[in-house]
Amino acid sequence: MKLEGEVRIPSGCAISAVISKEGNLMTGENIIKSMIPMHDRSNGLGGGFAGYGIYPDYKEYYAFHIFYNDNISRNKCESFLKDSFEIVKAENIPIKKIPEITDVPLIWRYFVAPLSSTLSRLQLDEKTYVARTVTKINNEINGAYVFSSGKNMGVFKAVGFPEDVGRFYRLDEYKGYSWTAHGRYPTNTPGWWGGAHPFALLDYSIVHNGEISSYDANRRFIEMFGYKCNLQTDTEVITYIIDYLMRRQGLTLEETANVIAAPFWSTIEKKKGFDKEKYTYLRTVFSSLLVTGPFSIVLGYEGGLMALNDRLKLRSMVVGEKDDKVYIASEEAAIRAMEPNATNIFAPAGGEPVIVKVKEGKF
Amino acid sequence: MKRVFVNEKWCLGCHLCEYNCAFANSGLDNMAKALKDKKIYPRIRIEGDENINYAVSCRHCTDPMCVKSCITGALSIEDGVITISQDKCVGCLTCILVCPYGCISQNENSVAQKCELCLKNSAGEPACVKGCPNNAIVYEER
Amino acid sequence: MGIEYIYPEFEVVRNADRCIKCGVCQRQCANEVHKLDEDLNVMLSDEAKCVNCQRCVALCPTRALKIVKSDCRLRENANWSDSTIKEVYKQASSGAVLLSSMGNPNPLPVYWDRILINASQVTNPPIDPLREPMETAVFLGKKPEKIQRDENGKIKCELAPQIKLPVPIMFSAMSYGSISYNAHESLARAARELGICYNTGEGGLHKDFYEYGPNTIVQVASGRFGVHENYLNAGAAIEIKMGQGAKPGIGGHLPGAKIVGDVSKTRMIPEGSDAISPAPHHDIYSIEDLRQLVFSLKEATNYKKPIIVKVAAVHNIAAIASGIARSGADIIAIDGFRGGTGAAPTRIRDNVGIPIELALASVDQRLRDEGIRNNVSLVVGGSIRCASDVVKAIALGADACYIATSALLALGCHLCRTCQTGKCNWGIATQRPELVKRLNPDIGYQRLVNLVTAWQHEIKELMGAMGINSIEALKGNRLMLRGVNMTEKELEIFNISHAGE
């Protein structure tokens, strides 16, 4: 069978997330628990997590998590990195050997900063340069795959059921102010570590449940701007869309949601004044970034989460609250597993983003 | 009341209406059987020359001269439709003389005939209208 | 006779049992095929004049007529086909260039028929357009590369001028002169009712039709017929016609016989003079000249109208389109080699240009490779025959489609391909008043509205089956397409997989 990158991989899935609005830190234990009642939404071909605020000691540095097939690819990648980055720390990501997780690649972690001389030579801002480097490694260095590249955040993923993946990566030893999780049910791949979710670029990470029908329209548009959809997964293209709209076009989260899950024209017609103008404008200008077909996604970023459903609400997604925490999951059961006393449980309407931000200064 | 109106702007002079009329009033179910090798006596007729054509048929006047002048009471108004009882007609042709529009004619038996909007035959609605390829004849309320 | 004689192509078959000698066929045939012989009391046919337009067949009240292909053929020869040989005879007799009308009828590949559309099963749901919203609206025109905000951080929402279409279909250019007043009226009224656009072609805009301006694309072609300031400002957009799919690289010629009355006034040329459009625009010998014309037209219309540049699909169309996209044009229209025409030299029509499917695939990809696809909209025409052709075109990357032949079919055209004679029995490609009146715009416009409405329903059904609820998400979505009967190279150009992959 073909792997990710050789063929388009649609998949159904389970997602879950938690965030503390006060920036209180939580270990990864609870988010692992949330995936247990949704076991049947995955098929053992991929699970993963993203934690935010987990690397406070290195928060000025980009944390690269990289899978290597072997030491040859590692040496190649490391020598490439050394040319243009200051590497302050390089280490194996700690794991616990468990029978459920097999065929483990080399899993490394680097805390890096781009050399200022390189940036000034290329006249690039830091983020653009880092994003390009990630794209370059993933495209050009055979056997090396960067699956996490943000500051003070990290993605942990593997082939297996999510609850096993969480134990494997010893997530109970990390503390973060927000966590997202994903269990994968791909229909078209034998499973590959890099293909598991979350998918991340810089500090944006996406967990996604659904199969978008707009995939190739979105892909072929976004690839005009230097992105390369190597994995051919929905999550990948949605991540790039969000990076493009937010980082490169400077849209806000709400505006981004209005592009990805744009209101119907009939809804826009009923809006008044500037709102109507703005919705029309965004939908017209970024028409090729409208995402159709069923999806529920949780976008993680530095200091917040955004949950979003497709316009027709073709995938389940619920939100609940308790104290300073907001919970999001494919099923209420997952929320209850994290917080049995969660309140205000509701299912957000299709296309209506739920945005939760950590208080300024608390992350 | 709905009446048949003609619009000479769109009349092509194809004469289809005449044949459709003759067929509709033939009482037969096949046009070839009804009209083949026969002279037709349609109740609508195309008039005109090379530049203009128009269909002529009864206008179902509200104050019809033909009904007033009929000596046997063969012509009468039923729900606004001027109808003819051919049994009563003696073929005096007074109606043809008085009709200002030239809409009444004789049938093959020299009895007066006129458009009755196909209400009494199997067409059910004016066959000339239905068969007009260019909407030059319409059946409508005005 | 003798050496010049060519046996008629068609035979008129008249069922004597059915014929009632009503004479409708005789009165309706502008080619004078049918005649009642009063002495014999039979309808006779002069089949040499028949063009198989089916007018008599359609109007015969007893279904007594049919037109069939003559079986009097030359000896079969796979190399020298019947039509090839007869064309030689005709040219040996006349010494002239052969003329033809409508699109290329030859059995060249129709790629639409080799492309199949996807549908959702299990992993994602199809959407029922009768129950869920299904959006088909598109905006044609240049989109900004970067969002701008004012000092308060509000997005500046001014867009370059756009054409908004509720369905991605427009009627493509057909001039007043090549088609009749009533055909134009039908197109204009239908465009208004549908909220789409029709296109004047290069014959100018009849004074009666200025009221349809918001639904009109006014064309500026190499002959500049009918172009003046009010004309330019009358429409929703201006189209610079560089070429036409049926006759790339050559101009046009409307014979003086058709330049009568209002046609002459609308074209702003004397009655009876031939309207000859040169092959090139004589102010455009290169891409930089095109840019000047684009901006001259923008200046003349105060930058309020999108400018369309229409080109024929030719070999290096991708590079040409890239040049146009950088010329300031807002929309590129590409016309494929099966596109129709009122008259074109047969050799040109049948041998010059390339299929629109391939042109579209390579242009869309090229503009994306250069990162400028969003700077310009892409409209394709040249034989879009049905709703699934539209869907396939959009999925290959078009923003909208131009239709003309299908629109004419809706108006009654039976594709007899003899427009050049000016004796169109259906009142379309003619200026003879008695023939023009055969097309009643009340009927014609309604049929056009019906056609596009029906296609819109079908487009929605096809989109819904794919699980797509907005046409934007279909644009360029080539994953929704699979090829059959294609070579590796063809699949590569289309950038689609083979069915089963």
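In chain A, residues 24 or more positions apart account for 76% of the contacts with a separation of 6 or more, two residues being in contact if their C-beta atoms, placed from the backbone, lie within 7 Å. The model is a predicted one, in which local features need pLDDT of at least 70 and side-chain atom pairs count only at pLDDT 80 or more, while totals for chains, interfaces and linings use all residues. Residues are numbered from 1 along each chain as its sequence is written, and chains are lettered from A and ligands numbered from 1 in the order in which they are written.

Chain A holds eleven helices and 18 strands; helices (H or I, at least four residues) and strands (E, at least two) are DSSP runs, numbered from the N terminus. Of its 363 residues, 56% count as buried. A residue is buried if 20 or more other C-beta atoms lie within 10 Å of its own, exposed if 12 or fewer, and partly exposed in between. The C-alpha trace of chain A spans about 60 × 50 × 45 Å along its principal axes.

Between chains B and C, the contact takes 17 residues from chain B and 16 residues from chain C. Helix 1 (16-24) and helix 2 (31-35) of chain B each supply at least two residues of the side that touches chain C. This side of chain B has nine nonpolar, six polar and two charged residues. Ala, Val, Leu, Ile, Met, Phe, Trp, Tyr, Cys and Pro count as nonpolar, Asp, Glu, Lys and Arg as charged, and the others, Gly among them, as polar.

Chain C is divided into domain 1 (2-96) and domain 2 (138-143 + 167-498), with bounds from an automatic or database domain assignment. The C-alpha centres of these domains of chain C lie 33 Å apart. Nine residues of domain 1 are in contact with seven residues of domain 2.

Ser70(C) is found in the loop between strand 4 (65-69) and helix 3 (82-94) of chain C. Ser70(C) counts as partly exposed because 14 C-beta neighbours lie inside 10 Å. Beyond four places in sequence, the contacts of Ser70(C) are Tyr7(C), Pro8(C), Glu9(C), Phe10(C) and Glu11(C). The C-alpha atoms of Ser70(C) and Pro8(C) are separated by 7.0 Å, although the two residues are 62 residues apart along the chain.
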